[in-house]
Amino acid sequence: MQQSAYCRLNVRELTPYGEANGAQGRFFALRLERPAWTGWNPGQFLMLRPASFGLEIPWARPFGICDMTENCLTCFFQVLGRGTQRMARLKPGDEVSVWGPLGKGFALEPDTPTLLLAGGMGIVPFVGYVKNHPKPENVTVLFGHREPLNCYPADSIGERAQWESAQERAPEDRDRFLSRVRERMGECAGKNGLALACGPLPFLQTVRRFSQEIGARAQLSLENRMACGVGACLGCVAQRAGGASVCACREGPVFWADQIVV
Amino acid sequence: MDISVTLRGQTRDLVLKNPVLTASGTFGNGLEFTPYGDLASLGGIVVKGLSLEPRPGNPCPRIVETVAGMLNAVGLQNDGVEVFCREKLPALPWREVAVIVNIYAASVDEFARLAARLDGEEGVAALEVNVSCPNVAHGGALFGQDPLQAAAVTRAVREAAPRKHVMVKLSPNVTDITSIARAVEDAGADSVSCINTVLGMAVDLPARRPALANVVGGLSGPAIKPVALRCVWQVARAVKIPVIGVGGIVCARDALEFILAGARAVQVGTGSFIRPDCAFSLAAELPAACEQFGVTSLDELRGSLRLD
């Protein structure tokens, strides 16, 4: 029998981010033992469930894979609900269940000018994307965020790819950022480039609209609520442009913008 | 230790290599779970509810996590019986594991047509009749809440699918579950599975909105285990046909508790979301759990609850 895609891993390290800027206890990099995966693609995700959830918190939580090295799997989370609150108390040696890698990741075209559009926590899968890109000189990252920059695992990206970030402190900052997104998407489309987006739903909706207006090739990573991650609970369904229902966990979470309704 | 089970029906028996089945709606068509275990190691696979025609299901949000459980109002989204028979069933290892098809229809006549269509499929071992879905506007729950309606559906399926074991899934959302159980037994059911989800609701206080687009949904998971155990206990004493326990079962000990209360087999539902290998590991761990609790055979354990 093949090896199960389900495994139990020990926590190596839980590293808080953004503490210098008053974000104590809200942003964390979670480093786990490396699972016995044969490979993964940036944009794919995993289901993660600490043993400490017991039966009280039944669902695992989906997280985009941030990075995987020879001995370490990294994901990144922001504390938002009761699951991530409990995850914020993980200690080295604690056990977590993991299944993955799941779904379909981002398109990778080494020689194509590629624009990565990230909103907030949407930066996470792009850490691995930039790191694993064979020609990072073709990659440009545009990152909009509300919290201070050091709350996010963005430090390694600028070392390899062109990098531009903007913090939203007021509503007009967002308008300025989105204008910049449109401008960059236009340049990208002019070079027959590829735009990849990950972030909150309104951000994805805007990127999709821009891609239609400009005629830019774009992919969007959806973040729908899900219980299982494998296509059984039918909680994460999205609508194809033609109307058919698809599970974001199996057919996505990354979709071509012109093929999905957001 | 031999943990094989025969569900002795009034018309058709169902032989299982072990008493561990998956619960409908929590295990897809089975194929979704092949990365997590060997389907042939299970007693049976109950596939996602099928209807005669494809159904789009309810709008999202359709699922919400609750304490020790979850609510769902998926609304029986499925591709319809033809797609299942043409594309899914041939890919399942049905010669090695019992494939049980959960069926849903909006009328007695439609139930009969669906059952007749599946009666001709060699790969289908049994039909599980869904008379208790709480999440669709027309049907489901109504059939399961009225003994006469439940009997009419059971009789229609029984007659339309003479070659199949007919299992009827009972709703806990009734005043007296034993009256429904007796009615479907009298109408020819080979076994009953209990329970379907418990009707529930969650709200988002800050938004002042229901947590589910459908407002209400079916509660499942460890939170409903005591309700399910009570229903199995009551039904097992009320009918002679086998009872399949379902509701919050996540480990071998849970399964043995249901068998102690009178079940012949069990279904793992929301447990498959807690960990995708839940049913596989439960089946693998059952012999050791029997030894741990001094169970010499499942027959010996079944219904041996001491009341003195």
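This is a predicted model: local features need pLDDT of at least 70, side-chain atom pairs count only at pLDDT 80 or more; totals for chains, interfaces and linings use all residues.

Q: Which residues are closest to the centre of the largest cavity?

A: Ser24(B), Thr26(B), Asn72(B), Asn196(B) and Thr197(B). They belong to a lining of 37 residues.

Q: And which strands of chain B each supply at least two residues of that lining?

A: Strand 4, strand 6, strand 14 (216–220) and strand 16 of chain B.

Q: OK, pockets. How much space lies in the second largest pocket?

A: About 660 Å³. Its lining has 27 residues. By class, they are 12 nonpolar, 8 polar and 7 charged.

Q: Which of them lie nearest the centre of the second largest pocket?

A: Leu234(A), Asn29(B), Gln77(B), Asp79(B) and Lys88(B). Elements of chain A and chain B each supply at least two lining residues: strand 14 and helix 5 (248–251) of chain A, plus strand 4 and helix 1 (81–88) of chain B.

Q: How many bridges pair strand 13 with strand 16 in chain A?

A: 2 bridges, in the antiparallel sense; strand 13 covers residues 237–240. Arg240(A) stands opposite Ile260(A), which is in strand 16.

Q: Switching to chain B. Where does Ser51(B) lie?

A: In the loop between strand 4 (44–50) and strand 5 (63–66) of chain B.

Q: Is Ser51(B) buried or exposed?

A: Buried, with a relative accessible area of 2%.

Q: What does the Ser51(B) side chain reach?

A: The backbone oxygen of Glu53(B), at 2.7 Å. There is also a polar contact of 2.8 Å with the side chain of Asn78(B). Leaving aside neighbours within four places in sequence, Ser51(B) is in contact with Asn78(B), Gly80(B), Val81(B), Tyr104(B) and Leu114(B).

Q: And strand 5 of chain B, which residues are buried on each side?

A: Ile63(B) and Glu65(B) on one side, Val64(B) and Thr66(B) on the other. Both faces of the strand are covered. In a regular strand, side chains alternate between the two faces of the sheet.

Q: What does strand 5 of chain B pair with?

A: Strand 6 (residues 69–72) of chain B, antiparallel, over 4 bridges. Thr66(B) stands opposite Gly69(B) in strand 6. The two strands form a hairpin with 2 residues between them. In the turn, Ala68(B) has a positive phi of about 60°.

Q: Last one: helix 7 of chain B. Which residues are buried?

A: Ala252(B), Asp254(B), Ala255(B), Leu256(B), Phe258(B) and Ile259(B), in a helix covering residues 252–260.

Q: What do the buried residues of helix 7 pack against?

A: Helix 6 (225–238), strand 15 (243–246), strand 16 (265–268), helix 9 (278–292) and helix 10 (298–301), in chain B. Just after helix 7 of chain B, Gly262(B) takes a positive phi of about 125°.

Note on methods:
Residues are numbered from 1 along each chain as its sequence is written. Chains are lettered from A and ligands numbered from 1 in the order in which they are written. Side-chain values use heavy atoms; hydrogens and water are left out. Two strands pair if DSSP finds at least two bridges between them. Buried means under 20% relative accessible area, exposed over 50%, partly exposed in between (1.4 Å probe, protein chains only). A polar contact is a pair of N or O atoms within 3.5 Å; within protein, one must be able to donate a hydrogen and the other to accept it, and residues adjacent in sequence count only if both atoms are side-chain atoms. Contact means heavy atoms within 4.5 Å. On a 1 Å grid over the protein atoms alone, a cavity is a set of points where a 1.4 Å probe fits but cannot get out, and a pocket is an open set with protein on both sides within 12 Å along at least five of seven lines; lining residues have an atom within 4 Å of a point. Grid points are joined across faces, edges and corners, and a volume is the space filled by probe spheres set on the points. Ala, Val, Leu, Ile, Met, Phe, Trp, Tyr, Cys and Pro count as nonpolar, Asp, Glu, Lys and Arg as charged, and the others, Gly among them, as polar.
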